[in-house]
Amino acid sequence: MIALIPAKRNSKRLPNKNIKNINGKPLILYTINAALKSKKISRVIVSTDCENIAKMVSNFGAEVPFLRPKKLCGTKTSLIDVCGHALNYFKKKENINPSGIVALQPTSPLRKLDLVYKSL
């Protein structure tokens, strides 16, 4: 099972919201830590269009095997589109077909680990 965390650079209402500090930590770190704690998740992937976010999350233990194309960063882009892009990457570039993807939004930092398990 792969955890996919979508984190584009710009938000319409709050620029750079995914890396804003909340209680001394970047917002996205709470989601990465929750995914890393799950024994059912084999990889924690961040889908981003931003080199700075990619570097930051790599230091936290998440992977950024690709940068998301700009066409998948608009206000009308769905989470399904982002997950589909990731699945296509894994099939074409890594020759793997993941058993599943769980999408974890970085804007839900208070999620409990049992909710991650329930979503699997």
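Two strands are taken to pair if DSSP finds at least two bridges between them, and strands (E, at least two residues) and helices (H or I, at least four) are DSSP runs numbered from the N terminus. The model on your screen is predicted, so local features are given only where pLDDT is at least 70 and side-chain atom pairs only at pLDDT 80 or more, while totals for chains, interfaces and linings use all residues. Residues are numbered from 1 along each chain as its sequence is written, and side-chain values use heavy atoms, with hydrogens and water left out.

**First stop: strand 1**

Select residues 2-6, which form strand 1, and note that five of its five residues are buried, where buried means under 20% relative accessible area, exposed means over 50% and partly exposed lies in between (1.4 Å probe, protein chains only). In a regular strand the side chains alternate between the two faces of the sheet. Here Ile2, Leu4 and Pro6 lie on one side, with Ala3 and Ile5 on the other, and both faces are covered.

**Second stop: the nonpolar cores**

Which residues touch the most other members of the largest nonpolar core? They are Ile5, Ile28, Ile32, Val46 and Val57, within a core of 15 residues, a core being a set of buried Ala, Val, Leu, Ile, Met, Phe, Trp, Tyr and Cys residues joined through side-chain atoms within 4.5 Å. Strand 1, helix 1, strand 4 and helix 2 (51-59) each supply at least two residues of this core, and helix 1 gives the most, with three. A second, separate core has nine residues, including Leu4, Ile45, Ala86 and Phe90.

Select helix 1 itself, residues 27-37, and you will find eight of its 11 residues buried, among them Leu27, Tyr30 and Ala34. Then centre on Ile5, whose contacts (heavy atoms within 4.5 Å) beyond its neighbours within four places in sequence include Ile28, Thr31, Ile32, Val46 and Leu104.

In the loop between strand 1 and strand 2 (21-22), pick Lys20, which counts as partly exposed because its relative accessibility is 37%. Leaving out residues up to four places away in sequence, Lys20 touches Leu14, Pro15, Lys25, Pro26 and Leu27.

Asn16 is found in the loop between strand 1 and strand 2 as well, and has a positive phi of about 60 degrees although it is not a glycine. Most residues other than glycine have a negative phi. Asn95, in the loop between helix 3 and strand 5, likewise has a positive phi, of about 55 degrees, and counts as exposed because its relative accessibility is 68%.

Glu94 lies in the loop between helix 3 (79-93) and strand 5, and is in contact with Arg43, Pro65 and Tyr89 once neighbours within four places in sequence are set aside.
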